[in-house]
Amino acid sequence: VGAALPVDVLTYEEKTLSAILRVISGGLVKLWSALTLLGSYQNRRCAFRVLQASPFLLALSGNSRELVL
Amino acid sequence: VSFLIPECGILPEVLKSTIADVGEYYLVRNLSIHELVSHEFIDAFVKKGSCYALTYNTKIDQDNTAALLPNGKLILSVDKDTYEELGLQGRPSQYSGKKVMRYIITIDLTDSGFHPDSKKHNRVLWALKEKKPLEFDFLLAWYNTGAEGSTLKSYFSKNQIRALKPKITFSTLRDLQCPVLQSNELQGKPEESCSTEELFEWLGAVLNQVSLDNKSSSFLSTYCCPQPSTIVEKAFLCTITGFIIPEKIIQLLEQLCCYFGDPKLASWLTLTVHGFADSPVSWRESEHGFHKGGENLYNFVIFRNLDYWLQMAVGTNDDCPP
């Protein structure tokens with residue numbers, strides 16, 4: 001997918017193993033599907049979970065679903 | 001709620017005290033919703049000041065959700081089965097599609113027809129207490145307009161009520177690339193200032209710690225700071241997380257405007273407020289849905305001359321903000 005659609009890796013945090021990716025809106029479905037279906041990389045099993053998706057980068061800085069009290 | 005002040009290393013005392021005064025909110029576990037409809041509650045809290053409540057840990061697109069607005073309206077967003085079992089009048093959700101799976105019930109607690117012996121009140125109480133009792137964990141907050149009486153903590157002392165303070169984090173960002181802005185140039189001017197959209201995206205990048213100086217040939221990311229930009233030596237970023245009421249945000253906004261009362265290097269600062277993704281309403285009382293991301297947020301850019309930009313963003317399942 002990265003070769004067919006330009007995808008930016010905006011951030012990557014090794015501690016939480018989370019990243020922010022940027023893709024044009026027409027490519028969202030392709031990218032999301034590709035992440036869902038990616039089951040292994042270099043012979044190691046892995047899974048990607050999308051925590052938040054938004055057209056606004058600013059919206060990603062606050063996720064009320066992560067509020068743990 | 002976050003605010004960013006460029007060219008600021010230390011927060012002024014008055015801002016520090018405003019933040020410290022953001023106030024507590026409460027988490028009540030397993031609260032039956034009929035308690036919010038009881039007249040003791042309405043008289044003690046809803047009618048005296050602004051009372052806010054939102055169900056905690058419920059997803060607006062999956063679970064039943066409830067919210068109490070400061071104008072006294074109780075909004076219930078329920079799935080089809082619950083709606084049919086409750087038997088209260090509501091309307092189908094706007095974001096339901098052909099087959100209606102979600103309904104919204106609005107109960108005006110301050111309506112004159114809702115007094116203790118009215119048919120309306122009895123029916124609502126019966127539905128929520130006996131027909132289909134609903135229990136949720138609630139986030140509660142109350143802005144008391146100076147009236148005497150009980151507090152939320154004492155009223156719900158028999159439930160497991162916990163007082164919580166919003167989490168506050170400060171950080172100072174060094175050598176930050178900031179876009180140059182002109183308050184009257186919303187679209188930006190080539191070589192002179194950046195547009196509102198560029199600022200909005202830049203702010204998102206800063207708050208998410210995205211690196212701002214990628215080259216266009218970089219393999220990982222092509223995002224870079226909008227031009228023209230300047231490098232500021234330091235910028236102050238503060239984030240407050242919790243159930244924060246509008247009255248406190250207004251106080252914070254006023255203090256941020258006062259920041260420019262003394263001469264400052266910064267020419268603008270920003271204040272960003274995020275709404276809860278799972279709230280049943282956003283912007284006045286328009287229905288809010290989740291779709292792929294329940295964003296509802298607004299951002300103020302306040303300039304030295306006290307001009308401001310207000311940017312409001314909503315998700316797919318939302319009405320346009322006013």
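Author: By class, the residues that line the largest cavity are 5 nonpolar, 10 polar and 2 charged. Please keep in mind that this is a predicted model.

Reader: What makes this space a cavity and not a pocket?
Author: A cavity is a set of points where a 1.4 Å probe fits but cannot get out, whereas a pocket is an open set. By this rule the count comes to 1 cavity of 30 Å³ or more, and the volume of the largest cavity is about 140 Å³.

Reader: Let us turn to the sheets of chain B. Which strands stand at the edges of the sheet with 8 strands, and why?
Author: The strand order of this open sheet in chain B is E6-E7-E5-E4-E3-E8-E2-E9, with antiparallel pairing. Strand E6 (91–92) and strand E9 (160–164) of chain B each have a single partner strand, so one side of each is left without a neighbour in the sheet.

Reader: How do you know that E6 and strand E7 of chain B pair?
Author: Pairing calls for at least two bridges. E6(B) and E7(B) (residues 102–108) have 2 bridges in the antiparallel sense, so they pair by that rule. One bridge to look for is that of B:Arg91 with B:Ile104 in E7(B).

Reader: What makes helix H2 of chain B a helix that packs on the sheet?
Author: Contact means heavy atoms within 4.5 Å. Helix H2 (residues 39–46) of chain B touches strand E3 (50–55), strand E4 (65–68) and strand E8 (135–143) of chain B. The direction of H2 makes about 125° with that of E3(B).

Reader: And what is the order of the open sheet of 6 strands?
Author: In chain B this sheet runs E10-E11-E1-E12-E15-E16, and the pairing is antiparallel. Strand E10 (167–179) and strand E16 (308–314) of chain B are called edge strands because each pairs on one side only. From one strand to the next, the twist averages 15°.

Reader: How many bridges join strand E12 to strand E15 of chain B?
Author: E12 (residues 268–274) and E15 (residues 296–303) of chain B run antiparallel and are joined by 7 bridges. As at least two are needed, these strands pair. B:Thr270, for example, has B:Val301 in E15(B) as its bridge partner. Helix H7 (residues 246–258) of chain B packs on this sheet, touching strand E1 (2–6), strand E11 (229–241), E12 and E15 of chain B.

Reader: Where do the domains of chain B lie?
Author: The domain assignment gives domain 1 (2–22 + 166–314) and domain 2 (25–164). Their C-alpha centres are 33 Å apart, and 19 residues of domain 1 of chain B are in contact with 27 residues of domain 2 of chain B.

Reader: What makes the peptide bond between B:Gln227 and B:Pro228 cis?
Author: Omega is about 0° for this cis bond. B:Pro228 sits in the loop between helix H6 (196–207) and E11 of chain B.

Key
Residues are numbered from 1 along each chain as its sequence is written. Chains are lettered from A and ligands numbered from 1 in the order in which they are written. This is a predicted model: local features need pLDDT of at least 70, side-chain atom pairs count only at pLDDT 80 or more; totals for chains, interfaces and linings use all residues. Side-chain values use heavy atoms; hydrogens and water are left out. On a 1 Å grid over the protein atoms alone, a cavity is a set of points where a 1.4 Å probe fits but cannot get out, and a pocket is an open set with protein on both sides within 12 Å along at least five of seven lines; lining residues have an atom within 4 Å of a point. Grid points are joined across faces, edges and corners, and a volume is the space filled by probe spheres set on the points. Ala, Val, Leu, Ile, Met, Phe, Trp, Tyr, Cys and Pro count as nonpolar, Asp, Glu, Lys and Arg as charged, and the others, Gly among them, as polar. Helices (H or I, at least four residues) and strands (E, at least two) are DSSP runs, numbered from the N terminus. Axes are lines fitted to C-alpha atoms, for helices over the stretch in contact, and angles run from 0 to 180 degrees between N-to-C directions. Domain bounds come from an automatic or database domain assignment.
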